[in-house]
Amino acid sequence: MPIHSPWRADFPGILALAAEGQTYLDSAATAQKPQAMLDALLGYYAGGAANVHRAQHLPGERATRAFEATRASLAAWLNAAEPSQIIFTRGATEAFNLLAYGLEHCFQAGDEIVISALEHHANLLPWQQLALRRQLKLVVLPLDNSGLIDLEHAAQLIGPRCKLLTLSQLSNVLGGWQPLSPLLALAKAQGALTVVDGAQGVVHGRHDVQTLGCDFYIGSSHKLYGPDGVGLLYGRTAALQQLAHWQFGGEMLLQTSYHSARFRDAPLGFEAGTPPIASVIALGASLAYLAGLDADAVATHEARLHAQLLSGLQQRQGVRLLGAPQVALASFVVDGVHNADLAHLLTEQGIAVRAGHHCAMPLLQSLGLSGAIRVSLGLYNDSSDLERFFTALDQALELLR
Ligand code: PMP
């Protein structure tokens, strides 16, 4: 049965790519943008750009108001207690680095940082490097056969030296929702800080950081139908108070002399220099667009399309799914076929999917793979995109096998 996206026409990028013969199935890498976001981006520049938080003049006040309105929208989107719990960074990756530097003073040699086997490099390398700087131990939670963190092993591995647990909510490779509640509870019982990588999770459904109960939650604007160059870091107020300042410059200070300074609290104390003003304002427009959609209709559409993707892959001989994806994406390999060759033939047929290690090299290595193909869906995709993908896949496999 054909599945149409009622929102497809709202995304000029997906229409432009289609007109060029491109089928875009790589939204987990970055999403196309709604017209409302493009209008906000242009509106800010065309209406007169101005810096935020410093100018007394009208354009500066207007820009500051719009910028802070996005902070309030994000706080509402995540059900944070207050807008001041949201820090804007220049990407999810920068938010992880902020935490790894800002919390460095909380660790002593021998302390443990716990991650899982499927973390994106953004939630691995900042901690790995911190562990190397401070002689900490990085503990890696293993996965079960469906790609979820194994709770029994986790209970044994999250011990009294665990000072921080940091986990992906939704894997960008395996597409499974992690059992965060019991995992965060294990860490909290040891008095550890908890971080959730919501870069993929925040895009699908609505998540309540207070219910989740994590200390920090990280997301990425460009995956959430917003512009690139913006990341978000939510922190519980008490957790934010533990952060040491890490980037220094304009606007993050209260007072300075040549030889010493006093800094602002979060959020502004962690937003040194001119932020990505236009992008933050435009992210606000993306959120307003998303908030205006029927959330149940979006979830149903995503679920139906995902089911179609999974069943199409499962029907094809030799295609092996990675994990047990629950939403929005599926990664796979084909027996006897190199993923780079397959990716090449798909690209030649105008299919935009992602191939390789997906910034999770240790995970792919642990699965004995050098790479995999990932198909990921946005709310603008419909079944005609999947039909074109499967036709191209069949043709490629006929050539390769
Ligand atoms: N975590 C996950 C799970 C991701 O998928 C990504 C983006 N691929 C990131 C973190 C990093 O996000 P960004 O590249 O936007 O900084």
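This is a predicted model: local features need pLDDT of at least 70, side-chain atom pairs count only at pLDDT 80 or more; totals for chains, interfaces and linings use all residues.
## Two domains

The domain assignment divides the chain into domain 1, made of residues 8-25 + 294-400, and domain 2, made of residues 38-291. Taken over C-alpha atoms, the centres of domain 1 and domain 2 are separated by 28 Å.

In soluble globular proteins, nonpolar side chains tend to be buried together. The largest nonpolar core of this model holds 56 residues, and the members that touch the most others in it are Leu78, Leu141, Leu165, Tyr217 and Leu379. Several helices and strands supply at least two residues each to this core, including helix H3 (58-78), strand S4 (137-141), strand S5 (162-168), helix H7 (180-189) and helix H10 (277-291). Helix H10 gives the most, with eight residues. Because domain 1 and domain 2 both give residues to this core, it lies between them.

Leu141 shows how many parts of the chain can meet around one side chain. When neighbours within four places in sequence are left aside, Leu141 is in contact with Val114, Ile115, Ser116, Ala117, Ile149, Ala154, Leu157, Ile158, Leu165, Leu167 and Leu183.

## The ligand and its surroundings

Which residues surround the ligand? They are Ala92, Thr93, His120, Ala122, Asn172, Asp197, Ala199, Gln200, Ser220, His222 and Lys223. Three of these side chains can be followed atom by atom. An N or O atom in the side chain of Thr93 is 2.6 Å from an oxygen atom of the ligand, while an N or O atom in the side chain of His120 is 3.1 Å from a nitrogen atom of the ligand. Lys223 has a polar side-chain atom that lies 2.8 Å from a nitrogen atom of the ligand. On its own the ligand has 390 Å² of accessible area, and the protein covers 86% of it.

## Two buried residues

Pro275 is found in the loop between strand S10 (261-263) and helix H10. Its relative accessible area is 13%, and because buried means under 20%, Pro275 counts as buried. Not counting residues up to four places away in sequence, Pro275 touches Asn51, Val52, Arg54, Phe67 and Arg90. The C-alpha atom of Pro275 is separated by 8.8 Å from that of Val230, although the two residues are 45 residues apart along the chain.

Asp385 belongs to helix H14, residues 383-400. Is Asp385 buried or exposed? With a relative accessibility of 2%, Asp385 counts as buried. Beyond residues up to four places away in sequence, Asp385 touches Arg8, Thr23, Leu25 and Tyr380.

## A partly exposed residue

Ala324 sits in the loop between strand S11 (319-321) and strand S12 (329-334). Its relative accessible area is 37%, and Ala324 is therefore partly exposed, since this class lies between the 20% limit for buried and the 50% limit for exposed. Leaving out residues up to four places away in sequence, Ala324 touches Ser146 and Leu174. Ala324 and Gly147 are 177 residues apart along the chain, yet their C-alpha atoms are separated by 6.6 Å.

How values were computed
Residues are numbered from 1 along each chain as its sequence is written. Side-chain values use heavy atoms; hydrogens and water are left out. A nonpolar core is a set of buried Ala, Val, Leu, Ile, Met, Phe, Trp, Tyr and Cys residues joined through side-chain atoms within 4.5 Å. Buried means under 20% relative accessible area, exposed over 50%, partly exposed in between (1.4 Å probe, protein chains only). Helices (H or I, at least four residues) and strands (E, at least two) are DSSP runs, numbered from the N terminus. Domain bounds come from an automatic or database domain assignment. Contact means heavy atoms within 4.5 Å. A residue is near a molecule or strand if one of its heavy atoms lies within 4 Å of it. A polar contact is a pair of N or O atoms within 3.5 Å; within protein, one must be able to donate a hydrogen and the other to accept it, and residues adjacent in sequence count only if both atoms are side-chain atoms. Accessible areas come from the Shrake-Rupley method with a 1.4 Å probe; for residues, only the protein chains shown count as cover.
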